[in-house]
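Dear colleague,

Please find below the structure for your review. My notes on its packing follow directly after it.

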Amino acid sequence: MSKMKQEIVSVLVQNRANVLNRVISLYGRRGYNIDSLTVSPTNDPSLSRITIAFTANERSMQQIITQTEKLEVVEKVQFLDRENTLYRELMLLKVKAPKEVRSQIKEIVDICKAEIAVFNKETMIIQLTDIPVKIDAFIDAMKEFDVIEVCRTGVAGLED
């Protein structure tokens, strides 16, 4: 059996109702777990871009891509090469921020080049846009505090 690895695929689709469901249900029916999913409009109003991160072995990966390309609503499917692609993900993290820990939180925020988006007496909402591995590290660093919620957008990427 071949080794499992994560790939990120960009799927250019027609911007019509139910297209996302058709593409994603193809992955679900075949037992793939999607690690990350982002959908956005493109510069062409008739097209949308679905960015899918999923883990599979090489043979399975080729099969699902071939099946995705066969859908009539799909215009283009492309593996995003990690060496030539700019990846980003947005994370919002809400943390309890009593006076006695604010400076510690601020220090981590500054080191990680994050930003305090909302600050009040009780909590902070921190935003960070970066590669997924750095967002994971930031969340790990914040675990010593009382994290209330985390919301992540999923990865987006464009080849350069």
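In helix α3 (residues 99–111), the residues V101, R102, I105, I108 and V109 are buried, where buried means under 20% relative accessible area, exposed over 50% and partly exposed in between, with a 1.4 Å probe and protein chains only. They lie on the same side of α3 because they cover an arc of only 135 degrees around the axis; the arc is that of the directions from the helix axis to the C-beta atoms. E100, S103, E107 and I111, on the other side of α3, are exposed. As a general point, an α-helix has 3.6 residues a turn, so residues three or four places apart point the same way. The buried residues of α3 pack against β5 (85–96), β6 (115–119), β7 (123–130) and α4 (132–142). Helices (H or I, at least four residues) and strands (E, at least two) are DSSP runs numbered from the N terminus.

This is a predicted model, in which local features need pLDDT of at least 70 and side-chain atom pairs count only at pLDDT 80 or more, while totals for chains, interfaces and linings use all residues. Residues are numbered from 1 along each chain as its sequence is written, and side-chain values use heavy atoms, leaving out hydrogens and water.

A search of the whole structure finds three aromatic pairs (rings of Phe, Tyr and Trp, the last by its six-membered ring, with centres within 6.5 Å; planes under 30 degrees apart are stacked, over 60 edge-to-face and the rest tilted). One of them, Y27 and F54, is edge-to-face, at 5.3 Å centre to centre and 75 degrees between the planes. This pair links distant parts of the chain, with Y27 in helix α1 and F54 in strand β3, 27 residues apart. Y27 also forms an edge-to-face pair with Y32, at 6.2 Å and 65 degrees.

Yours sincerely

Technical notes:
Contact means heavy atoms within 4.5 Å.
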